[in-house]
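Please read each point with the structure open.

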Amino acid sequence: MFFIDGHCDTLSKALDENKSIYKNDLQFSIYNSNKIGGGIQIMACFVDTKFLKNKNGGFNRCNNILQKFYDYQLENKCNILIKNKNDLLKSLNSNNTNIILSIENGSAISENINNVKYFYDKGVRIMSITWNDDNELGCGAHTLYDKGLTKLGENYVEKLNDLGIIIDVSHLSEKSFWDTISISKNPVVATHSNVYNLCNHPRNLKDEQIKAISKSGGIIGICYYSEFLNSTKKGSVKDIVEHIKYIRNLVGINYIGLGSDFDGMSVEKTATGVDNINGLNNIINELKLQDFSDEEIKKIMWNNWSNLLKKCLK
């Protein structure tokens, strides 16, 4: 069962807990991913706001997370990083797990726009703008006063476009989202966000936002975090499929993917049935129960993300 998943926080958690990304007791591991048939995991360097108290704190934190990944490759004498279209095409014909590096929270650049190129050279191919809080680039989903992107934020979006780094709009405030849409000339993605009309959480996307992402040619990665799935705060695989169905009915099947957020949440707050990577088959089974065709399931599980990456990676 091949998959492409738009977001996990395993790399950051493995660093903090001194665990391997290959074999561990976390929600995602390369070992378990290989066991179910392999795929492509978009693996985030999550820069928590607690690391931003000191100058260059975000930059240093992100580098430490990246080093965790490069140490893994060095220790295991392997190269599983996808940096370009050729790497992607090879990985699509593999039964192993390969990785695309992303950054969650643009504060990783520590207010230096030149650090975008630095991270590109380090292999990062997807970057978000904010986390939940406001930062030097713009306002996040939990903002108290939505002013949108700052001037630096506007320059940051343009820089991502210029380098071919995919823009992740998850965690943005509404105005920051629309500022990004108005500036970006390339597809934008929401690596781990759900439908606001099904669960009115500020991290979820309203219909017009979903339409804007699809119009850009982007992808919405459906997140397994219960609080983004329903109002009871305990979601299930059925809820995940409800969000998929809603987007399919609104803009079509071609703009939906997976965006688990594994290891960015506790098991208790994860939708029942997908506690970890081994639960992917439960999503497939539920899609079949709800009369999704084999072709539609293939698109959701990996092919939509694959098509987007083929367009965007150089």
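1. Helices α5 and α6. The axes of α5 and helix α6 (residues 151-163) come within 10 Å and cross at roughly 35°. Such axes are lines fitted to C-alpha atoms, for helices over the stretch in contact, and the angles run from 0 to 180 degrees between N-to-C directions. The crossing of these two helices, α5 and α6, is right-handed; a crossing has that name if the near helix is turned clockwise from the far one by less than a right angle, and is left-handed if anticlockwise. From α5, the residues Val116, Lys117 and Tyr120 take part, and from α6, Tyr156, Lys159, Leu160 and Leu163. Contact here means heavy atoms within 4.5 Å. By class, the contact of α5 with α6 has 5 nonpolar, no polar and 2 charged residues. In this scheme Ala, Val, Leu, Ile, Met, Phe, Trp, Tyr, Cys and Pro count as nonpolar, Asp, Glu, Lys and Arg as charged, and the others, Gly among them, as polar.

2. Basis of the values. This is a predicted model, in which local features need pLDDT of at least 70 and side-chain atom pairs count only at pLDDT 80 or more, while totals for chains, interfaces and linings use all residues. Residues are numbered from 1 along each chain as its sequence is written, and side-chain values use heavy atoms, with hydrogens and water left out. Helices (H or I, at least four residues) and strands (E, at least two) are DSSP runs, numbered from the N terminus.

3. Glu111. This residue is placed in the loop between β3 (97-104) and α5 (114-121). Is Glu111 buried or exposed? Glu111 counts as exposed because its relative accessibility is 57%; buried means under 20% relative accessible area, exposed over 50%, and partly exposed in between (1.4 Å probe, protein chains only). Not counting residues up to four places away in sequence, Glu111 touches Glu136 and Leu152. Between Glu111 and Ile240 there are 129 residues of separation in sequence and 36 Å in space, C-alpha to C-alpha.

4. Ile167. Strand β5 (residues 166-168) contains Ile167. With a relative accessibility of 0%, Ile167 counts as buried. Its contacts, leaving aside neighbours within four places in sequence, include Met127, Ile129, Val157, Leu160 and Val189. Leu160, one of these contacts of Ile167, also belongs to the residues of α6 that meet α5. Ile167 and Thr191 are 24 residues apart in sequence, and their C-alpha atoms are 9.4 Å apart in space.

5. Asp179. Helix α7 (residues 174-183) holds Asp179. Asp179 is counted as buried because its relative accessibility is 15%. Apart from residues up to four places away in sequence, Asp179 touches Lys147, Gly148 and Leu149.

6. Helices α8 and α9. Two packed helices are described by the angle between their axes and the distance between the axes. For helix α8 (residues 207-216) and helix α9 (residues 237-251), the axes come within 10 Å and cross at roughly 70°. The two helices, α8 and α9, are therefore roughly perpendicular to each other; angles of 65 to 115 degrees receive that name, those under 35 count as roughly parallel, those over 145 as roughly antiparallel and the rest as oblique. The crossing of α8 past α9 is right-handed. Asp207, Ile210, Lys211 and Ser214 of α8 make the contact with Tyr246, Ile247, Leu250 and Val251 of α9. These residues divide into 5 nonpolar, 1 polar and 2 charged.

7. Helices α9 and α10. The axes of α9 and helix α10 (residues 280-289) come within 9 Å and cross at roughly 60°. The pair α9 and α10 is therefore oblique, and α9 passes α10 in a right-handed crossing. In α9, Val237, Lys238, Ile240, Val241 and Ile244 meet Asn282, Ile283, Glu286 and Leu287 in α10. By class, this contact of α9 with α10 has 6 nonpolar, 1 polar and 2 charged residues.

8. Glu242. Helix α9 also contains Glu242, which is partly exposed with a relative accessible area of 34%. Leaving aside neighbours within four places in sequence, Glu242 is in contact with Leu198 and Gln290.

9. Cysteines. How many disulfides does a search of the whole structure find? The search finds 0 disulfides, a disulfide being a pair of cysteine sulfur atoms within 2.5 Å. Cys45 is in no disulfide, and the nearest cysteine sulfur, that of Cys62, is 4.4 Å away. Cys45 is buried, with a relative accessible area of 0%, and Cys139 is buried at 4%.
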